[in-house]
Amino acid sequence: MTSAVENELLTRVGPGTPMGNFMRQFWVPAIMSSELVPDAAPTRLMILGEKLIAFRDTHGNVGIFDHRCPHRCASLFFARNEEGGLRCAYHGWKFDATGQCTDMPNVPPRLEFSAKVKAKAYPAVERGGLIYIYMGDRKTLPPLPEIEPTLCPADDTMVICRQRECNWLQAMEGDLDTSHFGFLHGGLVEAADLDPATMDRFQVKYRAPEYYVKETEWGTMYAAHRPAEADETYYRFAQFVLPFWTLYPNGALTHNIAGNIWVPMDDSHTMVFNVGWKQRVAPLAYFKDGAPIPGLERRAEYLPNTNDWFGRWRSAVNQDNDYMIDRDIQRDKSFTGISGVTHQDMAVTESMGDIVDRTMEHLAVSDRMIMITRQRLLDAVTAYAKDGTLPAMLDRPAVARYARGGDAIAPKSQDWLEVYDQNMSRAEGPLGKANAAE
Ligand code: FES
Ligand SMILES: [Fe+2]
């Protein structure tokens with residue numbers, strides 16, 4: 001069971017908290033590249049409980065700062081983004097993308113000290129359509145993470161954002177809990193409804209899978225397993241990568257390059273970056289006669305973005321409208337009566353409250369991946385708080401290239417890790433064989 005003290009350790013991410021300190025040692029995906037346009041108005045960002053301002057200057061450089069101007073703390077949200085930097089609206093001090101003050105126009109030239117003033121800016125790097133920031137205290141920055149869906153060429157990478165109105169951990173744990181698929185998403189779906197050419201049908205045929213779990217160098221992994229055809233086993237592999245990444249099964253392990261990054265905005269809001277290789281073979285299983293099977297629809301409808309700290313990528317189907325639940329449809333067509341797989345996930349994780357009280361839980365064998373992942377996180381956070389020890393993968397990120405989620409079918413007699421290795425040896429994708437273990 002997770003104690004109240006452990007729950008606090010796992011969920012609080014603000015400055016000075018143990019988990020907040022730990023997460024700051026990693027590169028954090030902050031915003032999509034496409035959201036920042038040269039010389040456009042600055043954008044409010046909330047990350048790990050910090051209010052930040054993001055902008056792109058005339059030359060395309062990205063700046064991400066504490067929103068308070070280092071002069072007298074007026075918010076740089078009101079700044080002008082002009083000619084290579086942000087100019088504060090209060091007294092006109094100007095800052096380049098690194099945070100360096102370059103102009104102090106309200107001070108007589110002989111008394112100005114712009115060279116000595118720097119905004120609290122975080123190093124920012126762009127790759128594959130994402131902008132990452134480093135909020136930690138290392139002088140020498142760690143290498144960028146090497147997690148497969150973010151290593152595809154930018155043109156070939158899909159990035160979708162959606163905000164979740166709850167703590168990051170309970171949102172993320174949904175990806176580590178495969179047995180919910182056969183209820184929340186597919187509770188009224190029969191195996192015969194699904195395309196016989198796909199493996200997904202075994203998920204609804206056997207709704208109580210058994211599990212293998214394992215700690216890995218990059219985090220944790222599991223395989224849920226169920227009987228397939230005679231003498232065969234159906235596996236669903238998924239991965240957790242420190243500190244907040246999941247690689248989930250949504251297609252054959254050999255082709256499925258997809259993941260979620262659960263970036264805490266603060267303790268009760270999460271920005272989910274869904275990343276994937278555009279060319280991966282999309283599962284066809286969820287359509288029948290050309291129409292989505294009720295309960296398995298893919299939908300994403302957004303409210304218009306606003307300037308609020310929590311104003312970006314909010315779902316139009318949300319807790320204020322009970323996720324548009326339709327009780328008639330729930331009676332006999334879909335298990336939840338909620339349309340859209342993501343909306344269903346949102347409904348259950350957000351309904352737990354801002355931060356779920358884990359002392360009330362009764363975990364079952366179906367929660368084994370959740371249990372070892374919490375422990376992996378607790379061990380990592382405690383080690384860092386004690387003497388600054390960090391996981392080796394932070395400086396050797398290539399080990400995580402071997403992490404992938406996906407389905408496989410193998411003879412009953414084969415060991416689950418052998419099944420993983422064998423499928424990964426045939427893995428397809430932009431990395432080709434480069435994602436083989438070191
Ligand atoms: S507060 Fe920004 S220039 Fe004075
Ligand atoms: Fe789900």
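I am working with a predicted model, in which local features need pLDDT of at least 70 and side-chain atom pairs count only at pLDDT 80 or more, while totals for chains, interfaces and linings use all residues. Residues are numbered from 1 along each chain as its sequence is written, and chains are lettered from A and ligands numbered from 1 in the order in which they are written.

I looked up the domains first: the assignment (bounds from an automatic or database source) gives domain 1 as 27-134 and domain 2 as 149-435. Their C-alpha centres lie 35 Å apart. To the contact (C-beta atoms, placed from the backbone, within 7 Å), domain 1 gives 13 residues and domain 2 gives 18. On the domain 1 side, strands S1 (27-32) and S2 (43-47) each supply at least two residues; strands here are DSSP runs of E, at least two residues, numbered from the N terminus.

I then turned to the open sheet, where three strands follow the order S2-S3-S4 with antiparallel pairing (two strands pair if DSSP finds at least two bridges between them). S2 and S4 (62-66) are the edge strands, each pairing on one side only. S2 and S3 (residues 50-56) are joined by five bridges, and I noted that Thr43 has Ala54 in S3 as its bridge partner.

Last, I checked S9 (residues 124-127) and S10 (residues 130-134), which pair in the antiparallel sense over four bridges. They make a hairpin with two residues between them, and Gly128 in the turn has a positive phi of about 55°. Glu126 has Ile131 in S10 as its bridge partner.

Key. Two residues are in contact if their C-beta atoms, placed from the backbone, lie within 7 Å.
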